[in-house]
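Let's take a look at how charged side chains pair up in a protein. Have the structure open while you read.

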Amino acid sequence: MSKTFSRAEVAKHNTEDSVWCIIDHRVYDLTDFLDAHPGGSVVLNQVAGQDATAEFYNLHRQEVLEKYRDELCIGTVEGETPEIAPREPGSLSEVPYAEPLWLRPDFKNPYYKESHRRLQRAVREFTDRYIYPEAQEKEKDGTYISQELIDRMAEAGILAMRLGPGKHLHGRKLLGGAVDGKEFDYLHDLIVSQELSRANARGGFGLRHLLSWRGFSDGNMAGMAISLTAVQQWLRNVPLRDQITDEVLSGRKKMCLAITEAFAGSDVAGLRTTATKTPDGKHYIINGTKKWITNGMFADYFVVGCRTEKGFSVILVPRGEGVETKLIKTSYSTAAGTAYIQFENVKVPVENLLGEEHKGFIVIMSNFNHERFMMACGTIRMAMTVVEECMKWCNQRIVFGKKLIEQPVMRQKLARMISLCESNQAWLESIAYQMCNMTYKEQATHLGGPIGLLKSHATRAAQEIAEQATNIFGGRGLTQTGMGKVIEMFHRTYKFDAILGGTEEILADLGVRQAMKKFPKAML
């Protein structure tokens, strides 16, 4: 692209046989693109021979130019330099409030150390380079995550990091040494969860939106992240525990958490799946069904909640004879592998029991804390990206002769959305810090309520942010392509996090009930 053209020369190419225009000081030959243009040829003919920078950015983002530049750009305007430069993969957004406060220039934070910053950069670059291309592909065709990407994440230590801190990270090389496994804490855990949920991927890819692929986000081994933790903490059969951990974290096997049923969602005590011991006491025979199980379609192992003779138990069930899975189509794509599962006379060794028999409730409840924490991380980060999209749109969209951002009502909407995101992020980081300074048992005792309240508040905030964002984008906020695709996706799928892992109402009630258990008698 070494050729240069004067503006007068560009202006001559204003016929149907030769359509040139200028965008950001670059010259584009659109003649052969007229019929292929998604918006039709008329709009291109209207700007033939002109500087169409303002018109282009009133309708599109930079990613469109990045997509077609090599094909259509023929040079630059003589004596002029393009103002918008492509970003490198892994770079931070410069849009105000697009990043958490600790990542913004000139701001300080008491929680994060250099290892946290190294890890953030490494995970973001990995996401930009490897996860985005597959997310786009899988969300479009509805197929499941590839073994190639699973293997790549396993090698980088991302699968292991998704389980949170623990001995399973010791001795592992995490993203080329970005952080030592023994140093990995819940703030590192927060970073991994938020970066994998993050919407922006830049550089040679243009400006991309992982957020547009919410189904793939859950399809990206979310089932493992909420089930292998229970196996590590509660499976007493050490050789089997180590075998399962190695198989799953190496990417050779997949697993999921299978608790919810048609008759029991947040009401775990209402489960009907049964596990009956054989006369010799060596096996369980499992019968029942599970529903809305994330990653169930491609899982090799299932962590299953069952009703046993005197209570509730949790059992590790391998896929095999008697296990049948059927796809459930949801509001997001089938890339999540959401399944209906039937267990018919499935025989499992008693050594596959997690925790104590008939006392499985504590296994599930303690495991919920980390699941809900990760969900809060994702919801809050995705909401922050929606704010970024709205900030960009308000700054570029011209209505009634002025930018949307010049309208006071739009600034009020943005102020409310920003306030919700910033307060939720601060609360999240505070809880992560508490988790860093508590044992697993202490977290189960003290943080179930606060984490439940945070998740409930974050998803309520997401609802308000989704509604405000849709109003800001107007009709574009209802379409799955173009400028508003991120907004449409968020409005369509934010409810997943409001329901999965415990509904807003259940978690809000949990938070208050836990608080009241510690209410001082002296205050009566």
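## A buried pair

Lys-392 and Glu-389 are both buried. Keep in mind that you're looking at a predicted model. These two side chains form a salt bridge, with their closest N and O atoms 3.8 Å apart. You'll find both of them in helix 13 (residues 360–396), where they sit three residues apart, or about one turn of the helix.

Why can such side chains pair up at all? Because opposite charges can pair when the charged atoms come close.

Now go to Glu-80 and Arg-7, whose side chains meet in a salt bridge at 2.8 Å, N to O. Glu-80 lies in the loop between strand 5 (73–77) and helix 5 (114–141), while Arg-7 belongs to helix 1 (residues 7–11), so this pair ties together parts that are 73 residues apart in sequence.

Are these two buried or partly exposed? Glu-80 is partly exposed, at 24% relative accessible area, and Arg-7 is partly exposed too, at 34%.

In total, the structure holds 24 salt bridges. One of them joins Glu-356 to Lys-359, with the closest N and O atoms 3.4 Å apart. Glu-356 is partly exposed, with a relative accessible area of 38%.

## How confident is the model?

The protein's mean pLDDT is 91, and 97% of its residues reach 70 or more. Watch out for residues 199–212, though: the pLDDT there is below 50. Beyond near neighbours in sequence, that stretch has 60 contacts in the model.

Conventions: Residues numbered from 1 in each chain as written. Predicted model: local features only at pLDDT ≥ 70, side-chain atom pairs only at ≥ 80, totals over all residues. Heavy atoms only, no water. pLDDT = per-residue confidence, 0-100. Contact = heavy atoms within 4.5 Å. Salt bridge = Lys/Arg side-chain N within 4 Å of Asp/Glu carboxyl O. Helix = DSSP H or I, 4+ residues; strand = E, 2+ residues; numbered from the N terminus. Buried < 20%, exposed > 50% of the residue type's maximum accessible area, 1.4 Å probe, protein only.
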